[in-house]
Amino acid sequence: MSAARALPTRRDEAWRYSDVDAAARVWPVGEPQRFVVAPGETRSIALLQDAAADGAVMLDHVVEIGAGGTFEVHLLNVGGALGRVTFDVTLARGAHFGLKAALIGGDGRTIELVTTVRHAEPDATSTQVVRAIAANRATTNYLGQIQVARGAQKTDAAQSFKAMLLDRTAAANAKPELEIFADDVKCAHGASVGELDKAALFYMASRGLDPAQAQALLLEAFIAGLFDDMADEAERERFHATARARLEALG
Amino acid sequence: MLNIENLHATVADKPILKGLSLTINAGEIHAIMGPNGAGKSTLAYTLGGRPGYEVTGGGATFAGADLLDMEPHERAAAGLFLGFQYPVEIPGVSNVQFLREALNSQRTARGEAPLSAADFLRLAREKAGLLGMDMEMLKRPVNVGFSGGEKKRAEMVHMGILDPRLAILDETDSGLDIDALKTVGAGINAIMRAPGKAVLLITHYQRLLDYVQPDFVHILADGRIVRSGGPELALALEREGYAEVIAA
């Protein structure tokens, strides 16, 4: 694919809930970043996207995972008027793709994650855990497509999406999409949207936490665990600190 | 310390408190007893500032300031502690983290320096020990998986750490067996029985009052205090029942 890609519209499925006006300001985007994981190899990346509030950021990734290989992603997506991260993943036999992502949107931001995971051969597994928090007029989107090729038996693919809306004007969109051409597969997906527990907020306030702190602590708990298994401790700290700062700013 | 005057409050537009007056001075322990539906928990929540509990008349001052004008967290920083009848579970937030942030938030609001992690842990260990609670429990998420008795004990550990001037304890004795009741009673005495402090115990039963001797006992019925007296009033209630004592 070249830089001459046409500017998308919201009629494109993968841009359905996006902010194409913000995208237009920086179009065309660069080439996707490519990862090729050799058979049996394990790789992991940590991606923290916290661009300035007026920017539009689009980070595309194409990943090929060889037989028995593993690719793990930790993503904290919080920046930009549009912060869009995509993964296009192809799994060979017995390969594994793991994604743990937090999307945090305040103001009028659109923060989104779009994944296509192709189980091209048998015995591959994928797990995607996505937590989204939207405040004010922000929108958080997770569009997750799973394709199971003909003959890709024993595929085990799971998606979990949970969103928290802090204001009536905030939005969360989840669009799981499964295309399955094999008959012995497990594909699980779950999505839920909720609000903060008011009883917990009052309990915390009664012990002395101001509303913004109480909210940040509850939201931190909501995304807790996503980054706990990051190997690089300094990086993990950076993820936690950035998330906490963003969450406090939502108050 | 606490002055409640002719307080009226509604919950979902239904009048619950109907002209309640009560004065609590420093150094005093008061008990409010009353039948179900009298307004005991409403009084606690109204004084704590819970959303949905609307004051429609009268007022309350705490240490000279207008209590009802403050946000719930400001009331806490001013030295008010509300012990919950049903402590709330907060998955994913450890007691240690929660209490340290709560305490330091209060200290900052009062213009005091925040406690370091080490100083805080020392304090938490001391107060947990006072209530016979294992430090390991404090590392677990707030109230998650705690039994009814453990939750009440944890409430008292919170109180010990936050060190309030006035504690309003809403049925802290419910759900406790005799041993836990003794421990909690001893905890209340150790933490709150001091010249500059005061307690308002809200309870159905006399039994907690065996361990925490009140200076004054009040009977709440239909949103008002209908009788006040000394500890003997609680004993009369236990003997004769609410209906009898209220009618007398």
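This is a predicted model: local features need pLDDT of at least 70, side-chain atom pairs count only at pLDDT 80 or more; totals for chains, interfaces and linings use all residues.

Residues are numbered from 1 along each chain as its sequence is written, chains are lettered from A and ligands numbered from 1 in the order in which they are written, and side-chain values use heavy atoms, with hydrogens and water left out.

Rings of Phe, Tyr and Trp (its six-membered ring) pair if their centres lie within 6.5 Å; planes under 30 degrees apart count as stacked, over 60 as edge-to-face and the rest as tilted. By this rule there are twelve aromatic pairs over all chains. One of them joins A:Trp15 and A:Trp27, whose ring centres are 6.0 Å apart with planes at 75°, so this pair is edge-to-face. Helices (H or I, at least four residues) and strands (E, at least two) are DSSP runs, numbered from the N terminus. A:Trp15 lies in the segment before α1 (20-26) of chain A and A:Trp27 in the loop between α1 and β1 (33-37) of chain A, so the pair ties together parts that are twelve residues apart in sequence. Buried means under 20% relative accessible area, exposed over 50%, and partly exposed in between (1.4 Å probe, protein chains only). A:Trp15 counts as buried at 10% relative accessibility, and A:Trp27 is buried at 18%.

Another pair crosses between chains. The ring centres of A:Tyr203 and B:Phe84 are 4.8 Å apart and the planes stand at 90°, so the pair is edge-to-face. A:Tyr203 belongs to helix α2 (residues 198-206) of chain A and B:Phe84 to the loop between β6 (80-83) and β7 (90-94) of chain B, so the pair joins two chains. Both A:Tyr203 and B:Phe84 are buried.

A charge sits over a ring if NZ of Lys or CZ of Arg is within 6 Å of the ring centre and within 35 degrees of the ring normal. The charged end of A:Arg84 is placed in this way over the ring of A:Trp15, 3.6 Å from its centre. In chain B, the charged end of B:Arg50 sits over the ring of B:Tyr45, 4.6 Å from the centre.

A cavity is a set of points on a 1 Å grid over the protein atoms alone where a 1.4 Å probe fits but cannot get out; lining residues have an atom within 4 Å of a point. Two cavities of 30 Å³ or more are found in the whole structure. The largest has a volume of about 50 Å³, and its lining includes A:Tyr142, A:Phe161, A:Lys175 and A:His189. Strands β10 (156-165), β11 (171-180) and β12 (186-194) of chain A each give two or more residues to this lining.

The second largest cavity holds about 30 Å³ of space. Its lining draws on both chains, with A:Ser206 and, among others, B:Gly48, B:Arg75 and B:Leu82. The largest share, three residues, comes from α2(B).

Finally, B:His30 lies in strand β3 (residues 29-33) of chain B. B:His30 is buried, with a relative accessible area of 2%. The side chain of B:His30 makes a polar contact (a pair of N or O atoms within 3.5 Å; within protein, one must be able to donate a hydrogen and the other to accept it, and residues adjacent in sequence count only if both atoms are side-chain atoms) with the side chain of B:Glu28, at 2.8 Å.

How values were computed:
On a 1 Å grid over the protein atoms alone, a cavity is a set of points where a 1.4 Å probe fits but cannot get out, and a pocket is an open set with protein on both sides within 12 Å along at least five of seven lines; lining residues have an atom within 4 Å of a point. Grid points are joined across faces, edges and corners, and a volume is the space filled by probe spheres set on the points.
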